[in-house]
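Hello,

Here is the structure I promised to pass on. Please have a look at it first, and then read my notes below.

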There are 2 protein chains.
Amino acid sequence: MNSFAPLTLTDQGGFAVGGTTVTTPGTFDPRNPTDPAGQSLHGDHARVFYQVPENPRPLPLVLWHGYKQSGAGWGATPDGREGFQTLFLRRGFPVYTLDQPRRATAGQTTVGTTTDTATTDQWFYNQFRFGLWPENYPGGQFPPGDEAREQFFRSMVPDTGPIDAAILSDAVSALFDRIGPAVLVTHSHAGGFGWLDAMHNGNVKGVVALEPGSGFVFPAGEAPEPMESSAGTMAAVEVPASDFQALTRVPIVVYYGDNIPTEPTDIAGRDNWRIRVAMARLWVDAINHHGGDAQLVLLPEIGITGNTHFLQSDLNNVEIADQISKFLSEKGLD
Amino acid sequence: MNSFAPLTLTDQGGFAVGGTTVTTPGTFDPRNPTDPAGQSLHGDHARVFYQVPENPRPLPLVLWHGYKQSGAGWGATPDGREGFQTLFLRRGFPVYTLDQPRRATAGQTTVGTTTDTATTDQWFYNQFRFGLWPENYPGGQFPPGDEAREQFFRSMVPDTGPIDAAILSDAVSALFDRIGPAVLVTHSHAGGFGWLDAMHNGNVKGVVALEPGSGFVFPAGEAPEPMESSAGTMAAVEVPASDFQALTRVPIVVYYGDNIPTEPTDIAGRDNWRIRVAMARLWVDAINHHGGDAQLVLLPEIGITGNTHFLQSDLNNVEIADQISKFLSEKGLD
């Protein structure tokens, strides 16, 4: 039954990285320990789980989840196949999966929030392009059946505090400081935060962005107008020209899957991606215009069809991994 | 530098188990997807990460973290040594680490809460018997140095919803339904919830309880009086006699570490454990009185000194693992 080929590790473990510490004024009293006076709280760090295979390649991969997800999402697919964590170990890469600050095992936060318990499964089912609820897209790559759907919904994880771009990118930058040169793989919401790390930390040697969903950065004065969709407006982010220039020093690839319209539609979960691909196209052009090396890959255009927003756990995730391996090889990142 | 001996896996992955689903009345509108009407939310599940070594033993170990912790705490110690997850893989056990419902990667919850951001590091430093803040206990087993302390504080994880004993034990019971016969290893707060699973699920073949901190169950009419300490009162939990009887069918061992007083003290973080050990002693006696097989091991009494509340990540955690291996062997659980 188990199709898992044996895999030998030469290291595995975990640690927290980055973060801040707050302290309540006063003096701690061990006779009254529930009084916060004089006590500290450590929060806003990222947490990493890492595994290293035999004969590891020199550059590890850092896998950064998207919105409402955690590092566990790289560990296995909703139908129990191997996730990118295991697939890339098999390809010889040390793999670091992270929970971003204020999420999952990195949930301790210096600023709290009230847990989001809104019923949103159907919204995200559409938004993640598994299909139009309740039907998966014909020929789509989301695993069939109720169990995979249930497992996916239970992979979602709420925030424990406000999302703060500086806190996220600082914690991930601290990870690159600790582990040295590596390739950053972002999914969705992490895409925009990932550019910040690529701009500010020279240990980021390349970026693989799976369906980046926000935070496209442009040099001050060169940002396009905000784009409108039936899912709302998306604005570009302006950064100093010198920061943007830093993005031109590393190879970048951006992938998007299937079922993304090119004309406006009132189905929000689809229209949302129309403007994101349009913005990604302008962004890649801007990088290359400034001397960089970025490419936009729309998977259907290279004959890979049916992919959802979760390229890394779709039925054809080995084929997606093959594409990434090819990119890493071509750019000397393996 | 890396002292990690190669380790071959024959499986690894992860999944959610148990949980509930809530739905908002109405009809989902894909043109207005932020309206919760007609949408569902999946929450209150546990999430599991599992690894299987070569030539696995028949009974896996299920590792259940304590209060303010997550499954990641079994993965590595605060000073970067191997945690129980890896140590017991090396000993041939399939290992399942879980995040309990409403915690960490299992954070999606049907009932929310406001994130706890109180400054409590010093409270828990004392409560976990690393020392009396700011000094580690002389001869204590908590790893020395600022970095280990920082890593420990950053391993703490807040709840995303109220702690509910039935939700916790139901999710873990669903795990035992899925994986079949296994041994449950609980830490601290999980101890009391673990008895519930041992009572109600015949696939729990043994229980190793590391410093259980609450929820000691007794047959109705046989519970001891609540116990008082300078850290507050602890009451026993009464259960139907037939439920309690189910606890007598499996081998159970309970371990406590060092620096636990036998006389009352006004240092709350120490006195807290005086009454817990006293209650555990009565509890073990009750199990055995009713024909069961439970033992209480106070580690200093067998010459193992300096242990904190975190036996599994103390400097001598290999020696603690040896004790557990010996128990499992003696009881035919390996």
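**What I found**

A:Glu301 counts as exposed, at 63% relative accessibility (buried means under 20% relative accessible area, exposed over 50%, and partly exposed in between, with a 1.4 Å probe and protein chains only). A:Glu301 sits in the loop between β16 (293-298) and α8 (317-330) of chain A; helices (H or I, at least four residues) and strands (E, at least two) are DSSP runs, numbered from the N terminus. The C-alpha atom of A:Glu301 is separated by 9.4 Å from that of A:Asp258, and the two residues are 43 apart along the chain.

Before going on, a word about the source. This is a predicted model, in which local features need pLDDT of at least 70 and side-chain atom pairs count only at pLDDT 80 or more, while totals for chains, interfaces and linings use all residues. Residues are numbered from 1 along each chain as its sequence is written, chains are lettered from A and ligands numbered from 1 in the order in which they are written, and side-chain values use heavy atoms, with hydrogens and water left out.

Now to the two chains. The same surface serves both copies, as 100% of the contact residues of chain B recur in chain A, where contact means heavy atoms within 4.5 Å.

Helix α3 (residues 146-153) of chain A has as its buried residues A:Ala148, A:Arg149, A:Gln151, A:Phe152 and A:Phe153. Their cover includes α2 (121-127) and β8 (135-136) of chain A, along with β1 (7-17), β3 (40-43), β4 (46-53) and α4 (165-179) of chain B.

α3 of chain A turns up again in the second largest pocket, where α3(A), β1(B) and β4(B) are the elements giving two or more residues to the lining. β1(B) gives the most, with five residues. The lining has 37 residues, and A:Ala76, A:Thr77, A:Gly80, A:Arg81 and B:Gly14 lie nearest the centre of the pocket (on a 1 Å grid over the protein atoms alone, a pocket is an open set of points where a 1.4 Å probe fits, with protein on both sides within 12 Å along at least five of seven lines; lining residues have an atom within 4 Å of a point).

The largest nonpolar core has 58 residues, and A:Phe84, A:Val208, A:Tyr255, B:Phe84, B:Val208 and B:Tyr255 have the most contacts inside it (such a core is a set of buried Ala, Val, Leu, Ile, Met, Phe, Trp, Tyr and Cys residues joined through side-chain atoms within 4.5 Å). Among the residues that B:Phe84 touches, not counting those up to four places away in sequence, are B:Leu63, B:Trp74 and B:Ile324.

Finally, some backbone details. A cis peptide bond joins A:Trp133 and A:Pro134, with omega about 5 degrees. B:Asn55, not a glycine, has a positive phi of about 45 degrees and counts as exposed at 72% relative accessibility. B:Lys68 has a positive phi near 60 degrees, but B:Lys68 is buried, with a relative accessible area of 6%.

Best wishes
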